[in-house]
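Please examine the structure shown below together with its sequence. The briefing that follows is arranged by topic.

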Amino acid sequence: MSEEQPKREPPEEQSRIQEFSLVVGGVASALLTDLTSQLLNQSLGQRGIVQWVGYSVAALLVVISYLRLRARRRRARIRRQQGASELHAAAEEAEQWMIALGSDAGGMGAAEWFTVNEDWLRDLVATENPQNAAVDDFARICDALEAWYVRRPNPDALLQLSELLSAAAEASGRRGLAELAAARAATAYRMLGDLDTASTRLGVSDNIATHGRTAAALKTRRQVERALLHLARAERAPAGNDRDEAVLNARDRLDDARLTRPGPDLAADVAISINLAVVHLYQHDDEGALDQLRPALARATAAGDVSGQAHALELMGVAAWMQRNRHEAGSRWEHAANLYAEIDEREGHARCLQHLGSAAVVAEDLDTALDLLERSATLRTSESELLTKYLDAARRTSDLPVVDEDPPRRTAVTWLKRLRTFFTR
């Protein structure tokens, strides 16, 4: 039998006890100060032993006050150390689970861990005022939460996170963290659909850029982010010159990102290749897309990056659909859907179910289509106009949506969804 653990008071009771202790301590200090003053005043008018007793007692009270003050400072220092220790332990754990996100080494477990501990991590970074020694741990927790908010889209929380990191960077004089915070804000604004503000925040990140390996990694991130902004503009633009120009600009930024990345990085290579495949799909170049996707799939498989494999397979399905090979397209999407489910990446899983459901609508298998599309809708965190149109068609309440021959939406893949080596500080 284990040794009986000491009983711990509930948090509310502990708080009341601490408040009472502070009041008592304050009253005691006031009494000691008053008593000391009285004794000294009395001693000044006395001679001999009475005077010495008065001085001695007054000195003793001063020593007691000093010892109490020193003990209080020691307790405050211990509390600060305990806070820093908690922050460090949280950063270590969050970073480990961040690395596991989307991987074949605990991807599902990582998603479950973040689901359970997200609020705790958010409260920790929202209430902490990290000193210089602890700011790195603070930033590591922010990195982990960013990966989670990109995977489970939560741009509002991501924007708040960037503001907290910016404040910590200003307080500690860490220019590199301020640069990262601005880039993170750009990602949040893009996810919110505010492309102009996202571009502005990238400019801010550029203006405060530092030098060295960390700066090179952030420069690569900005290039990828600018490519995603151009792809977002292409998605909004009607077919024509504006869309073509946006797609070409995205391709240029991705080429720059590949050239400027700081050394070999499988995760970055996979993300860049997949986004270049999206560019080719916009240009109706299915073979060019497959030329990017085949090595991306091989690299992701070698790295144990299940998320990367799923993204590559999903877009291979789109390329197969463009080639009018519907059987292969369905096979790719089913495989990708299973991989997304393995790591609990719900947005990707929902997209693949939507692809399969829209293909079933085209094939006039409406019962199958309705099941797939309704499952997709339950996984979505935001509304999809195209999904709604296909659901209406599957329910026989409207005609088949008039879209391109590749009805599945071509979604760009962010740099952060599989980036395994975040920026060293």
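Predicted model: local features only at pLDDT ≥ 70, side-chain atom pairs only at ≥ 80, totals over all residues.

Residues are numbered from 1 along each chain as its sequence is written, and side-chain values use heavy atoms, with hydrogens and water left out.

**Trp 333**
- Trp 333 belongs to helix α13, residues 326-342 (helices are DSSP runs of H or I with at least four residues, numbered from the N terminus).
- A polar atom of the Trp 333 side chain lies 3.0 Å from the backbone oxygen of Glu 314.
- Gln 354 is 21 residues from Trp 333 in sequence, and their C-alpha atoms are 9.6 Å apart in space.

**His 355**
- His 355 lies in helix α14, which covers residues 346-362.
- Because its relative accessibility is 2%, His 355 counts as buried.
- The side chains of His 355 and Glu 314 are joined by a polar contact of 3.0 Å (a pair of N or O atoms within 3.5 Å; within protein, one must be able to donate a hydrogen and the other to accept it, and residues adjacent in sequence count only if both atoms are side-chain atoms).

**Helix α7**
- The buried residues of α7 are Leu 195, Ala 198, Leu 202 and Ser 205.
- Seen down the axis of α7, these buried residues fall within an arc of 70 degrees, so they line one face of the helix (the arc is that of the directions from the helix axis to the C-beta atoms).
- Asp 196 and Asn 207, on the other side of α7, are exposed.

Notes: Helix = DSSP H or I, 4+ residues; strand = E, 2+ residues; numbered from the N terminus. Buried < 20%, exposed > 50% of the residue type's maximum accessible area, 1.4 Å probe, protein only.
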